[in-house]
Amino acid sequence: MASENNKNNILPLESFALTATPASTHNIVWSPDAELAIGCDDCVFLFIPEFSVPKSREGGDTGVVRQYNDVALRFPSVEHRSPELNRPLFNLVGQEFPDFEYFPGGGGSSIVTGQGSSMNHLVALEWSPCGLGRMGRSVLAVLTGAGTITIYCEGASDGMNSFKPRGRGARTLRPWVATWAVGAGLLLPVAKGHQVEYIKEYITAFAWARDVPGHGALLAYVNDDNEVVVISVQARHDANATLGDCGTWRVEEVARFVAEGPHPRIEPTDPDYSPSGSSFSLSWSPWLKKGKSKTCMISYVARDYVGFRQVTIHSPHKSMTTPNVEIDQADSDGVCLYLAPDAFVVWEDLIWTIGQSKVCRGIIATPTQVKAFQVAFDSPQSGEVGRHTTYECGATYPDLGDDGLAQNPITGLVVHPPSLSQTTATPSYSLVRLSATHENDAWYQTNLPLPPNPEDGTVGPRWATEINQIVEHQLPRAMAYRHIVDDGSIGSEVASDEDEETDDESVEGSEYDPDENFAGVDTEDQIHINRVRIWGMAASPGGGVTAVFISQYSTVCHGRDTYAGVKCRVLFGRPDHSAGRNHEADTALAVKKLSTEARMWEWMYGGGPPVPGIGLSAIRSIDKRNPSKDHFELLVRRQACSFCELPLKPMGKLSRCDRGHLFATCANTGLPILSPGLSRTCSVCGSKCLNRESLAVMTPELDKTIIGKISDELCGSCGGKFIN
């Protein structure tokens with residue numbers, strides 16, 4: 001993607017290889033700060049973005065050639081956590097820790113845990129909204145086959161291990177700690193006034209609410225008894241905490257309701273029985289402000305039914321206190337349709353005003369077909385949907401359609417940021433299906449308008465072109481099977497691992513010379529030698545870039561998934577935009593609510609607007625004063641060089657004495673930073689800011705309220721988050 005921008009000092013966003021063992025779909029997710037997480041059978045890979053070409057501390061090249069150049073962290077997700085992990089949650093709210101005999105392991109009646117989970121494999125993962133982790137970052141929730149959700153976050157650093165090796169000033173995720181967990185015997189406190197019986201429930205799906213008004217976040221999960229549980233999650237972190245500290249967490253169950261839907265269960269022996277259930281059955285809509293409260297819809301997938309339940313948060317709400325969350329007693333709306341396993345819902349990130357109603361739209365993936373829907377927030381509730389059979393509503397059988405698509409489920413669907421300049425009847429979306437071969441061309445679908453001149457180049461994102469090139473690659477039949485004939489392995493199913501790796505490489509990456517000694521080869525009899533599985537697709541925080549996680553296999557010889565992993569790739573691309581769409585205005589709308597890290601990512605790779613305080617915008621605004629600098633102006637004039645005691649003169653991000661000694665300048669106050677260990681470094685623009693504790697010592701005469709207004713987490717130049 002480097003060819004798509006001519007910006008200097010930006011790492012190219014290129015596809016990269018990854019040796020992994022994919023075991024579930026929807027396994028690639030982007031955080032609100034452009035951190036990339038990929039889930040595999042028993043572990044999670046984490047990648048951290050770098051917002052400029054890194055240099056070593058000696059000024060030399062570090063050898064980094066692309067974005068996401070190396071894995072920031074790979075951690076196992078299969079460990080069964082002890083209930084003691086949650087004891088601090090009970091101590092904080094003053095509740096007694098439940099005493100019971102704990103037996104780790106799987107079980108239950110759901111599609112995830114029904115067979116037990118001796119391996120405790122990864123099922124789903126999702127980043128939280130910003131604000132729960134250290135420096136206001138996100139935390140990662142991971143659901144495993146034991147029916148347990150574990151929350152991971154970056155622990156407190158000792159100031160030394162927050163930098164990568166080779167002298168690069170880029171953040172890492174070490175230490176990476178499990179803060180709390182829920183499910184399979186790991187219990188949570190219950191909010192005051194909310195009654196619930198402690199049970200050893202097994203979680204089948206979960207979802208984070210979008211940016212919650214006020215403090216903290218909401219997490220919803222569904223258990224194997226079809227109960228949807230809403231949890232309030234809040235965190236507080238000490239900037240001077242000891243190494244590995246995960247912060248103080250207030251986690252409480254605030255609501256619970258049954259989400260069975262209107263259709264009764266039927267026995268597997270029924271002729272019309274079909275499997276149901278989904279590991280991705282929950283999803284949250286955007287929030288709508290109503291006076292002093294805010295409301296949203298939570299969608300859930302039941303048997304051949306998608307229900308929409310309204311959730312309201314009442315204000316005001318103080319930090320680290322229980323929020324006032326109210327859930328309607330009945331669904332606001334619902335859709336009856338045939339749903340296969342792993343159906344899911346994706347909402348559009350905008351609330352429309354249609355007439356006098358506030359409406360939100362989205363897409364239901366069945367998951368072999370897509371159905372658009374819209375739900376009104378202020379529609380009068382008609383009460384709970386009456387119980388009825390699927391014969392009455394016509395949801396017993398799937399709609400007639402392409403038989404090929406019925407066998408190829410959707411594994412990733414992205415609803416693109418809406419356009420206010422060009423409204424559409426349904427949300428704009430792109431989707432991918434599990435299997436991509438030369439025989440099926442519907443593995444990538446979109447309803448985006450075509451670009452103005454589609455015949456001038458390839459249509460679709462770059463990753464779609466790369467996948468198409470892989471599956472359309474052909475070789476003459478004799479050459480494709482040559483390695484099998486030469487090895488004499490026809491009819492034999494026994495081969496060493498080394499032979500298999502060599503065979504795969506020789507087939508998948510063959511580049512042959514037609515002038516080589518291949519006389520008599522029939523070049524007209526050609527076969528396709530590759531097929532691809534697409535495990536998931538994710539959109540960047542502003543929607544300007546999409547990523548897919550794929551694995552490649554040979555169609556010529558038998559492949560085998562091993563614990564060593566298979567050949568996988570992560571591919572990137574940008575969606576097409578039509579000529580009638582105001583892309584700049586739409587992009588500006590999409591990035592309006594994003595963090596500085598996300599806006600920086602969209603500027604670098606997604607066609608977004610420049611970020612204030614970075615690059616050329618930083619040069620133009622170098623003379624614009626930060627309001628807080630006025631309080632420190634007299635102190636800045638009195639600063640002297642710590643080596644020669646000559647006066648220091650500010651020069652942008654640096655301060656310099658007449659003998660040429662240079663010191664970094666605090667972006668918040670304009671004070672020179674004269675000693676190490678007094679400041680934090682911005683992970684986006686690289687500016688340094690003095691700690692509040694250091695400022696209090698340097699300026700004892702200054703009002704504490706002024707120092708209190710200076711953030712300990714955000715840069716004073718660009719608003720980016722500090723390195724831990």
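The model is predicted, with local features needing pLDDT of at least 70 and side-chain atom pairs counting only at pLDDT 80 or more, while totals for chains, interfaces and linings use all residues. Residues are numbered from 1 along each chain as its sequence is written, and side-chain values use heavy atoms, leaving out hydrogens and water.

View 1. Buried means under 20% relative accessible area (1.4 Å probe, protein chains only). Helices are DSSP runs of H or I with at least four residues, strands are runs of E with at least two, and both are numbered from the N terminus. Because nine of the ten residues of α9 (596-605) are buried, this helix is largely enclosed by the rest of the structure. After α9 comes G607, with a positive phi near 75°.

**View 2. D272 in its loop.** Look for D272 in the loop between β13 (248-258) and β14 (282-284). Its side chain makes a polar contact with the side chain of Y391, at 2.3 Å. Such a contact is a pair of N or O atoms within 3.5 Å; within protein, one must be able to donate a hydrogen and the other to accept it, and residues adjacent in sequence count only if both atoms are side-chain atoms. Leaving aside neighbours within four places in sequence, D272 is in contact (heavy atoms within 4.5 Å) with I266, Y391, T396 and Y397.

Terms used: Buried means under 20% relative accessible area, exposed over 50%, partly exposed in between (1.4 Å probe, protein chains only).
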